Amino acid sequence: MGRYVVRRLLQMIPVFVGATLLIFLMVNVMGDPIAGLCGERECDPATAAQLRKEFGLDKPVWEQYLTYMGNVFTGDFGTAFNGQPVTELMGSAFPVTIRLTVVAIVFEIVIGITLGVLTGLRRGRPVDTTVLLVTLVVISVPTFVTGLLLQLLLGVEWGWVRPSVSSEARFDELILPGLVLASVSLAYVTRLTRTSIAENRRSDYVRTAVAKGLPRRRVITRHLMRNSLIPVVTFIGTDIGALMGGAIVTERIFNIHGVGYQLYQGILRQNTQTVVGFVTVLVLVFLLANLLVDLLYAVLDPRIRYV
Amino acid sequence: MSDPREPARAIAGTGMGGAMDLAASEAETLERAPGGPDGGAPTGKPRSLWSDAWHDLRRNPVFLVSALVILFLIFISLWPSAIASGSPLRCDLAKAQEGSQPGAPFGYDGQGCDVYTRTVYGARTSVAVGVCATLGVAVLGSVLGGLAGFFGGVWDSILSRITDIFFAIPVVLGGLVLLSVVTSSTIWPVIGFMVLLGWPQISRIARGAVITAKQNDYVQAARALGASNSRLLLRHIAPNAVAPVIVVATIALGTYIALEATLSYLGVGLKPPSVSWGIDISAASPYIRNAPHALLWPSGALAVTVLAFIMLGDAVRDALDPRLR
């Protein structure tokens, strides 16, 4: 196990370097960051040269990348062009997005797994067909449409929730955005659970458990669910990274000042330090979540042995 | 597939708005499937995997409905004027936000453009983006993935690492960064971006399928008879590895259409004067209280289109996967 973890961590390094380098290059292609700094007017050439030197933009790209990564590993994500340290922006943005992600994952677990188990046990019945159809529709409607429609219905027309989220972004305000963010994954969790339950229901160990005379409830919770939820748990785990990166749309609809908002602003203002910094952290979160899921796999399924 | 983390990976997918993740996970089962095309053939004359699948599809109502919707979409993308007489760019501010009326069944949007005409013309962009992006991704992904799977070795390892890198970048984010500099209002930058970030998904599927097909006895036999690599790949492996690629590509087509709309909504995808559902939804969202129809019609069209492609992919997968028979 220990050796496996070390090997995986080593494998993560090239992926991390590659992904951040790719983003670094993309942001560089994005345009001249100095131009964005002077606003609408064109920069005075002398000022531009001065700024370029100050931010180290006169050096070749690879050197900029190395310097940047060196700084990142000492905890310095650089300064946004408005003078605020990027870490400060992160400190205010990440807690909000993490709360949003937590709400989304709770929805996935509670609603997704419940629906999945119910339909998996009733395969082919009307409940199953209905839920399957609904999940298909949810998957097909893009998140921004779902978000806008729910905002219109629940927030504006019926007034159940506030249509936009305050800057504090408390948990109770994040319920609707969390549901919107979770919607597509929720549908996948439902379908995945359903398939898994329906498949394992016919397995030998379930038949044995039933034959032993165990109550149905116990067969389902202890025997069937425990085995069927392994792929679901791994899906939810790997979804963490996707949710945090995908929150950009949801945060825009509900005006949440989280990671997506900061990134969007950073991109609009061509603020390279902010963009690269946030994406670097998101890539790290994604990679670590994947590693955790792989390790969790071994814990949940003792048949898998890592060497 | 002996590596225990592969299934988890395939499910993890790209986060490209979803459907592909599932497609990838479900295509895993398919990779093993086409090995025995005669599996479910009834007694009598044996049928190939394809004619068997076609036999199933013709009787599948889900397939028939989604195929009809898609044919209709293709028809109106080619000849939008057949059902919408006006021009999508002719707008009359005096009529802004007006509701349904004779001559304008869907009403007018915030700029006074006819929502019906714009919705009809929007199909062309969506279908064009979806089809071109899918073709590009499928060709690039299956060539790279197929060759890596066939030859193995160093290039295979490098390609696998490269796909890992692409999977670690959130797609919408990559789109925002890359497309924010583009000023062109054609569909090509968006398609180029989708191909650039989408090919690793297909390449992973194609690689797995080729590795599975490569181990079949008939491939070994052909190799023993002295068949060249190109003959092995084209005549023996490709026909048996193409099914999972087709399934994933069909479902991906739907998600590319959704992705284009999402990027346009964020303001970096297509730009006016292009006519796109994403642009219209984005433009209508501030007036959502006064003129919800301007938002609902393009949203509905978008949802039906994506749904049709995902359902088609679902039906094709069921038909090609002998395990479900």
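In what kind of crossing, left-handed or right-handed, does α9(A) pass α10(A)? Before selecting anything, note that this is a predicted model, in which local features need pLDDT of at least 70, side-chain atom pairs count only at pLDDT 80 or more, and totals for chains, interfaces and linings use all residues. Residues are numbered from 1 along each chain as its sequence is written, while chains are lettered from A and ligands numbered from 1 in the order in which they are written.

**First stop: two helices of chain A**

Select residues 204-211 of chain A, which form helix α9, together with α10 (216-253) of chain A; helices here are DSSP runs of H or I with at least four residues, numbered from the N terminus. α9(A) passes α10(A) in a right-handed crossing, the term used if the near helix is turned clockwise from the far one by less than a right angle. Their axes lie 10 Å apart at an angle of about 150°, each axis being a line fitted to C-alpha atoms over the stretch in contact, with angles from 0 to 180 degrees between N-to-C directions. The two helices are therefore roughly antiparallel, a label for angles over 145 degrees. Show A:Y205, A:V206, A:A209 and A:V210 on α9(A), and A:V219, A:H223 and A:L224 on α10(A), to see the residues that make the contact (C-beta atoms, placed from the backbone, within 7 Å).

**Second stop: a crossing in chain B**

Move to α4 (residues 61-78) and α5 (residues 115-151) of chain B, whose axes come within 8 Å and cross at roughly 105°. That makes α4(B) roughly perpendicular to α5(B), the label for 65 to 115 degrees. The contact is made by B:L73, B:I74, B:I76 and B:S77 of α4(B) with B:V120, B:A123, B:R124, B:V127 and B:A128 of α5(B).

**Third stop: where the chains meet**

Now display both chains, where 51 residues of chain A are in contact with 44 residues of chain B. Among the elements giving two or more residues to the chain A side are α1 (2-29), α8 (175-201) and α12 (272-300).

**Last stop: stretches from the record**

An unreviewed UniProt entry lists residues 228-254 of chain A among its "transmembrane region" stretches, and over these residues the chain is 96% helix and 0% strand, with the end C-alpha atoms 35 Å apart. For chain B, an unreviewed entry lists residues 123-313 as "domain: ABC transmembrane type-1"; such annotations may be inferred rather than shown by experiment.

Definitions and conventions. Contact = placed C-beta atoms within 7 Å. Parallel < 35°, antiparallel > 145°, perpendicular 65-115°, else oblique.
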